[in-house]
Amino acid sequence: GLFMVIELVQNKDSMDFFLRDTQPEFRLQSIGLKNGIVFYNTLYGPRRPSMKKRGLPFWISPPLSITRDQIDELLDCVDKTLMDWEKEMGVSA
């Protein structure tokens with residue numbers, strides 16, 4: 001299959017991480033599900049402490065047999081999810 005990782009940070013100049021209390025992973029997953037997409041990510045969790053200078057990585061892994069139209073649809077879902085998530089988290093691209 002295909003594989004891509006995107007890492008989100010609160011501040012791209014300082015590479016500050018997201019505080020666990022802000023629930024960045026939960027919010028990304030919730031918004032993604034509303035937009036028809038599921039991400040793989042494991043940085044923040046109930047038993048994982050926040051890491052210094054580390055953003056929120058998420059993986060996108062569609063099947064290798066994905067069509068061009070499906071890729072376009074996937075990227076539209078990712079774009080909408082990121083825009084909604086940035087707004088909810090109070091960060092900018």
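**Exercise 1. Determine which residues of α1 meet which residues of α2, and describe how the two helices pack.**

Step 1: in the contact between the helices (heavy atoms within 4.5 Å), Pro24, Arg27, Leu28, Ile31 and Gly32 of α1 meet Thr81, Leu82, Asp84, Trp85, Glu88 and Met89 of α2. Helices here are DSSP runs of H or I with at least four residues, strands are runs of E with at least two, and both are numbered from the N terminus. This is a predicted model, in which local features need pLDDT of at least 70 and side-chain atom pairs count only at pLDDT 80 or more, while totals for chains, interfaces and linings use all residues. Residues are numbered from 1 along each chain as its sequence is written, and side-chain values use heavy atoms, with hydrogens and water left out.

Step 2: the axes of α1 and α2 lie 9 Å apart and the helices pack at an angle of about 140°, where axes are lines fitted to C-alpha atoms over the stretch in contact and angles run from 0 to 180 degrees between N-to-C directions.

Step 3: α1 and α2 are therefore oblique to each other, since angles under 35 degrees count as roughly parallel, over 145 as roughly antiparallel, 65 to 115 as roughly perpendicular and the rest as oblique.

**Exercise 2. Find the aromatic pairs and state which parts of the chain each one links.**

Step 1: a search of the whole structure finds two aromatic pairs, a pair being rings of Phe, Tyr and Trp (its six-membered ring) whose centres lie within 6.5 Å, with planes under 30 degrees apart counted as stacked, over 60 as edge-to-face and the rest as tilted.

Step 2: Phe18 and Trp85 are edge-to-face, at 5.3 Å centre to centre and 70° between the planes. Because Phe18 lies in the loop between β1 (4-8) and α1 (24-34) and Trp85 in α2 (residues 68-89), this pair ties together parts that are 67 residues apart in sequence. Phe18 is buried, with a relative accessible area of 1% (buried means under 20%, exposed over 50% and partly exposed in between, with a 1.4 Å probe and protein chains only), and Trp85 is likewise buried at 1%.

Step 3: Phe39 and Phe58 are also edge-to-face, at 4.6 Å centre to centre and 65° between the planes. Phe39 is in the loop between α1 and β2 (56-60) and Phe58 is in strand β2, 19 residues apart.
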